[in-house]
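My notes follow in the order I checked things.

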Amino acid sequence: MFERFTRGARATVKGAVAQAERAGGDSVTEEHLLLALLEQEGGRTSFAVTALGLHDRRASLDAAFAEARRRGGLTRADTDALADIGIDIGAIVSRVEGAHGEGALAAGRTGRRWWSGHRPFTPGAKTVLENSLRVALGRGDRFIGEEHLLLALTAKPGVVADVLAEHGATYAAVRRALYGSDADGGQGHAKAG
């Protein structure tokens, strides 16, 4: 599959590894893929990200991801569903952090280092890469570009898609920003997921 990746998509994957290294993470996550996409310059995806205002709200995105990590990776939908049955995640996080320190529930922050320097991709990040192929095929494209990675990130339920949606970057909004009136690519709508 990697042979179908454009130069920009390959740079995004390498950038995601660099993001994980900078963050001290043991593995590459969907968040790292998104942050690497935000750093790409030029091209359709960079234009779409700018048009959606994501570049200007990078600090807000970072804060939303930090808050999700603080909740142990629970999405807002998860938190709301638990609240509906009387479970206050905010109170639980406060009690755990009071006993074990700030960020105690943050997933993937063990501080372990891989002796080889290799950081594996999480199952969620692998799913995004696989879904980018589905997005490309659904559009009739013979390559996998950054735009397909971005669409796959918005289509995979989870924290990254939730944070993007909170910032106005839903699957449909990203598709419109990328392709305009040709959002279906003449091939029909194929959403990864």
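I take helices to be DSSP runs of H or I with at least four residues, numbered from the N terminus. The model is predicted.

Fold. I counted ten helices and zero strands in the protein chain. Read along the sequence, I get the pattern α-α-α-α-α-α-α-α-α-α. For contacts between residues at least 6 apart in sequence, I find that 66% join residues at least 24 apart.

Surface. I noted an accessible surface of about 10,000 Å² for the protein chain, with 52% of it belonging to carbon and sulfur atoms. Of the 193 residues, 44% are buried.

Val135. I located Val135 in helix 7. Is Val135 buried or exposed? I class Val135 as buried because its relative accessible area is 1%, and the cut-off for buried is under 20%. I also checked Val135 against Leu149: the two are 14 residues apart in sequence, and their C-alpha atoms are 8.3 Å apart in space.

Core. Which members of the largest nonpolar core touch the most other members? I found Leu33, Leu34, Leu54 and Leu153, out of 44 residues in that core. The elements that give two or more residues to this core include helix 1 (7-23), helix 2 (30-39), helix 7 (123-139) and helix 8 (146-155). Leaving out residues up to four places away in sequence, I list Phe65, Leu150, Leu153, Val160 and Leu164 as touching Leu34.

Rings. I searched for aromatic pairs and found zero in the structure. I did find the charged end of Arg139 over the ring of Tyr179, 3.4 Å from the ring's centre.

Terms used:
Residues are numbered from 1 along each chain as its sequence is written. This is a predicted model: local features need pLDDT of at least 70, side-chain atom pairs count only at pLDDT 80 or more; totals for chains, interfaces and linings use all residues. Side-chain values use heavy atoms; hydrogens and water are left out. A nonpolar core is a set of buried Ala, Val, Leu, Ile, Met, Phe, Trp, Tyr and Cys residues joined through side-chain atoms within 4.5 Å. Buried means under 20% relative accessible area, exposed over 50%, partly exposed in between (1.4 Å probe, protein chains only). Contact means heavy atoms within 4.5 Å. Rings of Phe, Tyr and Trp (its six-membered ring) pair if their centres lie within 6.5 Å; planes under 30 degrees apart count as stacked, over 60 as edge-to-face and the rest as tilted. A charge sits over a ring if NZ of Lys or CZ of Arg is within 6 Å of the ring centre and within 35 degrees of the ring normal. Accessible areas come from the Shrake-Rupley method with a 1.4 Å probe; for residues, only the protein chains shown count as cover.
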